[in-house]
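Walk through this structure with me, one region at a time. Keep the viewer open and follow the residue numbers.

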Amino acid sequence: RLFRELQEIEGRHPEWVTPDSPSQRVGGEPATGFRPVPHVVPMLSLDNAVSEEEVRAFDERVRRFLKTADPVRYVAEPKYDGVAVELLYEDGAFVLGSTRGDGRTGEDITQNLRTVRSIPLRLQADRPPPLLEVRGEVFMPLEAFDQLNRERLDRGLEPFANPRNATAGTLRQLDPRVAAARPLNLFVYAIGRGGEAFGVRTHGELLAQLGELGLKVNPRVAQSLGLDGAIEFHRALEADRDGLAYEADGTVIKVDDFAVRENLGELERSPRWAIAYKFAPRQEVTRVLDIRAYVGRTGTLTPVTVLEPVRMGGVTVTHASLHNQDEVDKLDARVGDTVLVQRAGDVIPKVVHVIHEQRPEGTRPYQLPDRCPECGAVTVRLPDEVAIRCPNLSCPAQVRERLRHFASRTALDIDGLGEKLVDQLVERRLVHRPSDLFALRRETLVELDRMGEKSAENLLAQIEQARGTSLARFLYALGIRHVGRRVATVLAAHLGTLERLLQATREELESMSEVGPTIAESVRTYLADPDNRAEIDRLRRELTFGEPSAPEPRARPLEGKTIVLTGTLSEPRARVRTRIEQAGGVVTSALSQRTDYLVAGESPGSKHRKAEELGIPILDEEALRKLLEPEPD
């Protein structure tokens with residue numbers, strides 16, 4: 001009754017609606033997309049351990065870095081299998097929520113997070129911090145997940161594969177009213193900026209303070225443990241794994257004392273003071289019903305087992321990749337075999353081994369076909385490669401996979417171009433190559449299955465938005481073998497323009513840090529193909545690249561320089577790396593003759609000695625600052 005009264009009052013006086021009003025949890029108008037949100041303090045990943053020995057090795061590294069034989073105190077908590085988010089509070093009010101993204105930039109999902117009832121829209125404090133960034137994990141409780149899937153089946157909809165997929169899909173809904181109808185929850189476990197307001201010394205004290213502010217903290221957290229205590233916590237949690245109300249795939253073990261964490265510092269992708277101790281993979285026995293060859297975007301034929309469905313960790317597993325013919329021969333997997341299957345990392349199904357004692361009579365070894373199962377072209381296997389490929393670039397399977405890659409979030413990010421739509425576009429011969437996407441018309445799209453006027457307009461708007469991109473995203477979207485996101489970024493940073501890449505020699509490519517002979521050969525082979533060059537020319541007419549074609553030298557003082565970081569720096573290593581990359585430099589982890597500078601903090605270790613032996617200039621942080629910010633003429 002009170003809620004309805006509130007709605008009536010706000011209906012009469014919309015100017016009285018505040019961001020923390022309970023009415024704002026039900027979802028507003030649909031959004032048109034998700035804007036990027038930079039993380040001022042990067043949201044780093046964690047290193048993994050899969051055995052007690054690896055956890056003890058982690059503890060030894062910590063104590064060796066601290067130069068102490070004394071025991072280190074840890075805190076242990078479940079490692080949730082959900083979606084990491086950051087919540088920003090200003091003067092106690094929730095104003096911005098974002099995904100983790102790549103750790104440095106996430107997506108604005110504020111409206112969807114407002115619908116999560118365990119997230120307070122206003123902190124419970126008379127004098128809240130002026131700014132506080134809280135990190136946590138959004139998840140869907142298992143009971144709520146099962147109920148949601150039952151409702152979807154009753155409505156004739158596909159059920160979600162697992163709670164994590166359901167959570168991720170909910171948080172990426174453009175219409176927050178959909179998110180409001182789904183039962184999400186959240187636990188907080190860390191902060192970004194604003195920690196100075198608490199004045200706490202340990203992680204345990206921080207969690208207590210966050211709880212007092214009304215933020216939801218998991219009660220199943222153990223504080224101030226020795227290493228043996230942390231390992232015992234993990235054993236108990238794993239034993240109770242199936243009794244948890246949420247999906248968890250391990251234990252996070254962190255140094256409890258913040259001062260010790262500060263001393264330990266961070267590596268490029270992960271902190272030195274924390275590790276994720278993963279649960280043992282779930283394993284089940286099932287039967288191989290069939291083995292089929294699937295064709296990827298580079299033409300590689302991949303053998304995949306079709307399995308008798310088996311439930312593993314809340315997921316029904318029906319397929320598992322055998323990767324290549326060599327792996328098939330090694331396992332000797334055959335149709336009809338009984339096999340042991342596990343989900344590697346609790347995610348990817350894998351055939352562990354064949355139970356030969358249960359093999360039926362009459363089975364035959366499996367061989368990948370000598371003709372492409374999609375287009376009938378004779379397959380080839382190049383020297384020194386395990387892959388068997390279809391050489392036909394017009395093969396429908398390759399076209400489909402190239403389109404999906406081209407439109408993926410980390411490439412040109414064309415939201416709405418899903419798997420089924422791509423299948424229809426290829427089957428009806430509407431799209432033969434990525435550049436054809438930009439010629440699609442509304443009249444053509446509305447004739448497709450499940451494609452109404454509004455859906456067609458939304459897709460065309462996404463395609464139009466994709467016309468403005470970056471050179472790095474474009475290079476990644478091309479799908480050149482061995483050119484992932486990182487290599488594409490390196491190529492774009494070194495060369496600056498597409499024209500320079502097209503003219504670059506193999507020797508010039510090899511001279512770049514992180515680009516070895518294999519990558520250089522792959523890039524030149526791709527660019528030398530007339531069909532590929534013609535497609536690049538078509539795409540150049542459709543796209544504009546956001547970065548300047550000729551960066552000012554003064555704006556990129558480290559252009560072309562390769563730098564290695566070592567020792568404990570005065571600020572997070574990820575932040576230093578970002579500043580170097582913005583200045584045109586490339587940060588690598590290993591020293592070589594190609595390294596231009598070694599930046600050494602406290603306790604630099606063996607890299608300092610090796611740099612001296614190689615004659616590589618060694619900089620302290622002040623010298624690096626002067627390189628990044630040269631004095632004006």
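Predicted model: local features only at pLDDT ≥ 70, side-chain atom pairs only at ≥ 80, totals over all residues.

**A tour of the fold**

Start at Ala76: its bridge partner in β9 is Ala222. Strand β3, residues 74-80, is joined to β9 by two bridges.

Now step back to the sheet around them. It is open and has five strands, in the order β2-β11-β10-β3-β9, with mixed pairing. The edges are held by β2 (48-49) and β9 (222-225). Each has a single partner strand, so one side of each is left without a neighbour in the sheet. Strands of a sheet pair through backbone hydrogen bonds, either parallel or antiparallel.

A further open sheet has four strands. Their order is β5-β4-β7-β8, and the pairing is antiparallel. Its edge strands are β5 (93-99) and β8 (185-191), each of which pairs on one side only. From one strand to the next, the twist averages 35°. Look at the β8 edge. Strand β7, residues 131-139, pairs with β8 in the antiparallel sense over six bridges. Val138 is one place to check this: its bridge partner in β8 is Leu186.

What is the phi of Asp91? It is near 50°, a positive value in a residue other than glycine. Most residues other than glycine have a negative phi, and most peptide bonds are trans. Is Asp91 buried or exposed? Asp91 counts as exposed, because its relative accessibility is 52% and the cut-off for exposed is over 50%.

His482 also has a positive phi, near 75°, and is a residue other than glycine. Its place is the loop between α15 and α16 (485-495). The relative accessible area of His482 is 42%, so this residue is partly exposed.

Seven bridges join β12 to strand β13, residues 301-312, and the two run antiparallel. Val295 stands opposite Leu301 in β13. The hairpin of β12 and β13 has five residues between the strands. Within this hairpin, Gly299 takes a positive phi near 90°. Strand β13 is also joined to β14, residues 315-321, by six bridges, again in an antiparallel run. Here Thr305 has Ala320 of β14 as its bridge partner. In a regular strand the side chains alternate between the two faces of the sheet.

Strand β12 leads on to a helix. The buried residues of α11 pack against β12 (283-295), and also against α12 (419-427), α15 (471-477) and α20 (530-542). How many of the 12 residues of α11 are buried? Nine are, so the helix is mostly covered. Among the buried residues are Val399, Leu403 and Phe406, along with Arg400, Arg404 and His405. Helix α11 covers residues 396-407, and at 1.5 Å a residue its 12 residues should span 16 Å. The end C-alpha atoms are 17 Å apart, which agrees.

Now turn to the cysteines. How many disulfides does a search of the whole structure find? The search finds zero. Two cases show why, given that a disulfide needs sulfur atoms within 2.5 Å. The sulfur of Cys375 has its closest cysteine sulfur in Cys390, 3.6 Å away, too far for a bond. The sulfur of Cys395 is 3.7 Å from its closest cysteine sulfur, in Cys372, which is also too far for a bond. Their surroundings can be compared. Cys375 is partly exposed, with a relative accessible area of 29%, whereas Cys395 counts as buried at 0% relative accessibility.

Last, consider confidence. The protein chain has a mean pLDDT of 86, and 94% of its residues reach 70 or more. Two stretches deserve a look. Over residues 27-32 the pLDDT stays under 50, and the model has 16 contacts for them beyond four places in sequence. Over residues 548-554 the pLDDT is below 50 as well, and this stretch has six contacts in the model beyond near neighbours in sequence.

Notes: Residues numbered from 1 in each chain as written. Heavy atoms only, no water. Expected span 1.5 Å × (residues − 1). Buried < 20%, exposed > 50% of the residue type's maximum accessible area, 1.4 Å probe, protein only. Contact = heavy atoms within 4.5 Å. Pairing = 2+ DSSP bridges. Axes fitted to C-alpha atoms, helices over the stretch in contact; angles between N-to-C directions. pLDDT = per-residue confidence, 0-100.
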